[in-house]
Amino acid sequence: MSISKTTDLLDQLSQLERSVSEFSFEELSVDEAKELKNSFNTFKSSLECQIFDPNQNSDSLKKEPLMVLDKQEVSQKEFITHVSHEIRTPLNSIIGFANLLKEEKLTSSQQKKVEAIQFASNTLLKLINEVLDYSKISSGNTSFESIDFKLHGLLNDVMFLCETLLVDSQVELIIDIDKSVPKVIKGDPSKLSQVILNLVGNSIKFVNQGFIKLGVFVKEVNENDYVLEFSVTDTGIGISKEKINSIFERYSQADNDTYLKYGGTGLGLSITKEIIEKQNGEIVINSVVSKGTTVSFTLPFSKGDVNNISVEKTKNLDIKEAKKLLEGTEIMVFEDNLMNQHLILEQLTKWGCNVHTNVTLEKGLAILATKKVDLILMDLKMPNLNGFEVSKAIRLNENPLIRNIPIVAFSADFTEQDGKDCDSIGINDFLLKPYTLNDLMSIIVKNKRENNPNEEFGLILQKQMIEPKETTIVDLNSLLKDCFGELEMLNELIKLFKTNVLEFIGNVRIHLKTDNLVEIAFSAHKLKASFAMLKATGMHNLILELEANCKANKLDKVKELYELFLNDYPLLENNLNIDLEILNKK
Amino acid sequence: MGKRVLLADDDQLLASLLNFRLKKGGYDVHHSSNGKEVKEYLKTEMPDIIVSDIMMPYFSGIELIDFVRNELKSNTPIIIISSAGNEQNVLSAFELGANDFITKPVSPTELLVRVAREINKI
């Protein structure tokens, strides 16, 4: 395809992006939304077919000599890399605007439509990331490590992770390593785990009942050089003979409806195959429909030396020791890869940490505003906002408690430039993937926030007690509407609101000294309208209850509710500030 | 010049919002946050309509109606802002000559409609 045509296509994509951002979704009916979703999916699959399915062009290509085909292949890969990058930009806007739209007050049917757009665009993003990953590996831009590692430990870790992916499943995970397999080998451990994770992960998707077995044995041995054969056998749906040959082709799934039933983008196996072949290995697949599938692959390794594995890594981690050091530590993890999320969640929870995963920047900030978090683990390579950008936003937060939280970056490759960027943003430390549990623990112990009594004091007010959620919610949308959308007015009103609350707190404090419930009832009566204006229903009800108890002369109950108010109001004000900030930024 | 509204409310938050909206609606608003001020103001000025909270320090909305109707002998329309659960007070307000009432939380849009309706009756 010529460059001008590519540019033309890209122009059209950005035009699409503009139209989406200007589109008024409120006017969509259910049918129209369905149609939109369908045409989006059709567009997606036709794009997939035309760019990624080599069979489409096979007629013309087959007649060409082999050399030309290679050239074609190379330029096609460049094209894929280029286009994937370019598609991400407008796609990020589609996702971004859909996210913003979801924040607005929508009817439940509009909500569903936005979710459909989010789902479709996220799927497209995931696909594009995989395409990039694939083209990176197949164009030889990936380097392979050669280090000594303990094979058994790695396989156990991988299978442990896979177990967490089995939800309510009647599937047994079996691991069978032949005795002759050396304990320590030399090669690329992270690529090996990626391959096994992918294959077992695939099996998990297609097996409902039975088992998934990972087997390892020595296929060839020549002094210190080994060829190991790994096999993943499952009792899943299987693949028909006709389909087996094409299963490794870029962008193919066994059946056209596989995606509908099982999801996935169809690139996983081609990436796996590339990784294996780039290391001079081979992969074969055998399958019987409705009986199961076995994927086996061979990889050469040389025998490793246990002495080359650093002492730290061989030392067994004492869970009890770790628990003592880390019990109760609050850790927030920014990581987009679900498997890694699972893994780190499992690890940290075992050590008694409280972990917040699956957070976006906005969600994360909301949690940070109400909870004391001791450390943030940040994946640097994330779609949408990457780790640098998220860290920057946290460092620029106006709340010093949030701004100063230690951040540890983790990434699979860490360049010198990355190091400089981390320094300039204020990222405290970094952890290279794949890391050992020991690495993880020591970096957390080293960097986590020390308990500071002054901070603790400030946070006592924020300690959550009884059903704090209801009473911390506000919604500024209707007030903003009453202000005709004028933010200046809204900000002014919020200031007055805060003054009203301060007055209330002061009044109640004074009148509690003399048990003057009449005056407290009056203050409560005055305040409740303010909470009603902010649609803070939970807090409004609490104040109503407080007023009622004043009138019923129940002093103890009044005191209890007032304490609850003092406890929850800072959380409400935090939510209020966050909402206001978002509105001000728009 | 727009019609003159006296807005008597000690809640700065609600008063600010109503003041903002009434001004946007083309009214000329005078805001007082306590009954004493209201009384002083009314000695020299008579607005086209009065919007008053029923509960105010020093001088309640009820007293205000009594003052306007019986001492100043004025028929200026009065709209009372009350809270839910204050039905008894609203009844006394009507007995004393209030023209309309609106319950908290006040919808500014609704208040503007009620204000316009009272003014159009004159």
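**Two chains, residue by residue**

Trainee: Where does A:Q341 lie?
Mentor: A:Q341 lies in helix α13 of chain A, which covers residues 338-350. Helices (DSSP runs of H or I, at least four residues) and strands (runs of E, at least two) are numbered from the N terminus.

Trainee: What kind of model is this?
Mentor: It is a predicted model, in which local features need pLDDT of at least 70 and side-chain atom pairs count only at pLDDT 80 or more, while totals for chains, interfaces and linings use all residues. Residues are numbered from 1 along each chain as its sequence is written, and chains are lettered from A and ligands numbered from 1 in the order in which they are written.

Trainee: Back to A:Q341: buried, exposed or partly exposed?
Mentor: A:Q341 is partly exposed, because 18 other C-beta atoms lie within 10 Å. A buried residue has 20 or more such atoms within 10 Å of its own C-beta, an exposed one 12 or fewer, and a partly exposed one falls in between, with C-beta atoms placed from the backbone.

Trainee: And what does A:Q341 touch?
Mentor: Setting aside residues up to four places away in sequence, A:Q341 touches A:V333, A:E335, A:T357 and A:N358. Contact means that the C-beta atoms, placed from the backbone, lie within 7 Å. As for A:H356, 15 residues away along the chain, its C-alpha atom is 10.0 Å from that of A:Q341.

Trainee: How many helices and strands does chain A have?
Mentor: Chain A has 24 helices and twelve strands. Of its 586 residues, 27% are buried. Among its contacts between residues at least 6 apart in sequence, 70% join residues at least 24 apart.

Trainee: Which strands does β7(A) pair with?
Mentor: Strand β7 (residues 292-303) of chain A is joined to strand β3 (residues 184-187) of chain A by two antiparallel bridges. Ten bridges join β5(A) to β7(A), again antiparallel. Strand β6 (residues 282-288) of chain A pairs with β7(A) in the antiparallel sense over seven bridges. Strands count as paired when DSSP finds at least two bridges between them.

Trainee: Which residues stand opposite one another there?
Mentor: A:K186 stands opposite A:S302, A:F230 faces A:F297, and A:N286 is opposite A:T294. β6(A) and β7(A) also form a hairpin with three residues between them, and A:S290 in the turn has a positive phi of about 60°.

Trainee: Where is confidence lowest and highest in chain A?
Mentor: Confidence is lowest in helix α19 (residues 453-460) of chain A, at a mean of 38, and highest in strand β5 (residues 225-234) of chain A, at 94. The score, pLDDT, is the predictor's confidence in each residue, from 0 to 100. Over residues 54-69 of chain A, pLDDT is below 50, and the model gives this stretch six contacts beyond near neighbours in sequence. Chain A averages a pLDDT of 78, with 74% of the residues at 70 or above.

Trainee: Changing topic, how are the strands of chain B arranged?
Mentor: Five strands of chain B form an open sheet in the order β2-β1-β3-β4-β5, with parallel pairing. β2 (28-32) and β5 (100-103) of chain B stand at the edges, each with a single partner strand, so one side of each has no neighbour in the sheet. The twist averages 20° from one strand to the next. Helix α5 (residues 108-121) of chain B packs on the sheet, touching β1, β3, β4 (78-82) and β5 of chain B, and its direction makes about 180° with that of β5(B). For such angles, axes are lines fitted to C-alpha atoms, for helices over the stretch in contact, and values run from 0 to 180 degrees between N-to-C directions.

Trainee: What does UniProt say about B:D53?
Mentor: The unreviewed UniProt entry annotates B:D53 as "modified residue: 4-aspartylphosphate". UniProt positions follow the numbering used here, feature names are shortened, and annotations may be inferred rather than shown by experiment. B:D53 is in strand β3 (residues 49-53) of chain B.

Trainee: Is B:D53 buried or exposed?
Mentor: B:D53 counts as buried because it has 25 C-beta neighbours inside 10 Å. Leaving aside neighbours within four places in sequence, its contacts are B:A8, B:D9, B:D10, B:D11, B:G61 and B:I81.

Trainee: How many residues does each chain give to the contact between chains A and B?
Mentor: Chain B gives 13 residues and chain A gives 16. On the side of chain B, the largest share, eight residues, comes from helix α1 (residues 12-24) of chain B. That side divides into six nonpolar, three polar and four charged residues. Here Ala, Val, Leu, Ile, Met, Phe, Trp, Tyr, Cys and Pro count as nonpolar, Asp, Glu, Lys and Arg as charged, and the others, Gly among them, as polar.

How values were computed: Two residues are in contact if their C-beta atoms, placed from the backbone, lie within 7 Å.
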